[in-house]
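Trainee: I have a new structure open. Can you show me how to read it?

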Amino acid sequence: MMKVMKTNLLNKILVSIVMAMAPWVVSMAADSTPAKSDPAWLTDARISIKSNKYDQALKQLQSANEINSADWNNLMGYSLRKKQPPDLVASEKYYQAALKIDPSHRAALEYYGELLLMKKDLPGAEAMLARLDKACLFGCEEYSDLKASIAKYQGKK
């Protein structure tokens, strides 16, 4: 009887912890699905990026000039890395700025890891993967994507 009571109490505690963490876990989703409360510049830049219009996204982001936003810095880095020709030096600067503002910014960790692979810095990319592993408590798309990019990079060697 005492064992059943302890198990029930432990289950209640576990459920309480999970419920308390749920909003925190959801809020950790960085630069994923647009929220209704996202500023227009963020929504507009994401639309341009999804359409592979990186120069347009850069103009939108530069116009917003939200230098204190991790999302802004991340999207600047992403657009600079993806445009033709890419600007890896500037891209890296923006990823670093995003991670200085938010060290657990999942998209910036993934994309910076991919940039490091472009620079043939496998240990650096693996360090970003390790940081993503800590930022993604129960796994996340960014971790899976960077892990796949690293595996593909290693297969090319």
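This is a predicted model: local features need pLDDT of at least 70, side-chain atom pairs count only at pLDDT 80 or more; totals for chains, interfaces and linings use all residues.

Trainee: Which residues of helix 2 are buried?

Mentor: Here is the general idea. An α-helix has 3.6 residues a turn, so residues three or four places apart point the same way. Now the case here. The buried residues in helix 2 are Trp-41, Leu-42, Ala-45, Arg-46, Ser-48 and Ile-49. They line one face of the helix, because they fall within an arc of 160° seen down its axis. On the face turned away sit the exposed residues Ala-40, Ile-47 and Lys-50.

Trainee: How many residues does the largest nonpolar core have?

Mentor: In soluble globular proteins, nonpolar side chains tend to be buried together. In this model, the largest nonpolar core has 38 residues. Leu-61, Tyr-112, Met-128 and Ile-150 have the most contacts inside it. Helix 6 gives the most to this core, with eight residues.

Trainee: Which residues does Met-128 contact, beyond its neighbours within four places in sequence?

Mentor: Met-128 touches Leu-99, Leu-109, Tyr-112, Gly-113, Leu-116 and Leu-146.

Trainee: Where is the disulfide?

Mentor: Cys-136 is joined to Cys-140, with an S to S distance of 1.9 Å. A search of the whole structure finds one disulfide.

Trainee: Why is it called right-handed?

Mentor: The disulfide of Cys-136 and Cys-140 is right-handed because the torsion about its S-S bond is about 45°.

Trainee: Are these cysteines buried or exposed?

Mentor: Buried means under 20% relative accessible area. Cys-136 is at 5%, so it counts as buried. Cys-140 is at 10%, so it is buried too.

How values were computed
Residues are numbered from 1 along each chain as its sequence is written. Side-chain values use heavy atoms; hydrogens and water are left out. A nonpolar core is a set of buried Ala, Val, Leu, Ile, Met, Phe, Trp, Tyr and Cys residues joined through side-chain atoms within 4.5 Å. Buried means under 20% relative accessible area, exposed over 50%, partly exposed in between (1.4 Å probe, protein chains only). Helices (H or I, at least four residues) and strands (E, at least two) are DSSP runs, numbered from the N terminus. Contact means heavy atoms within 4.5 Å. The arc is that of the directions from the helix axis to the C-beta atoms. A disulfide is a pair of cysteine sulfur atoms within 2.5 Å.
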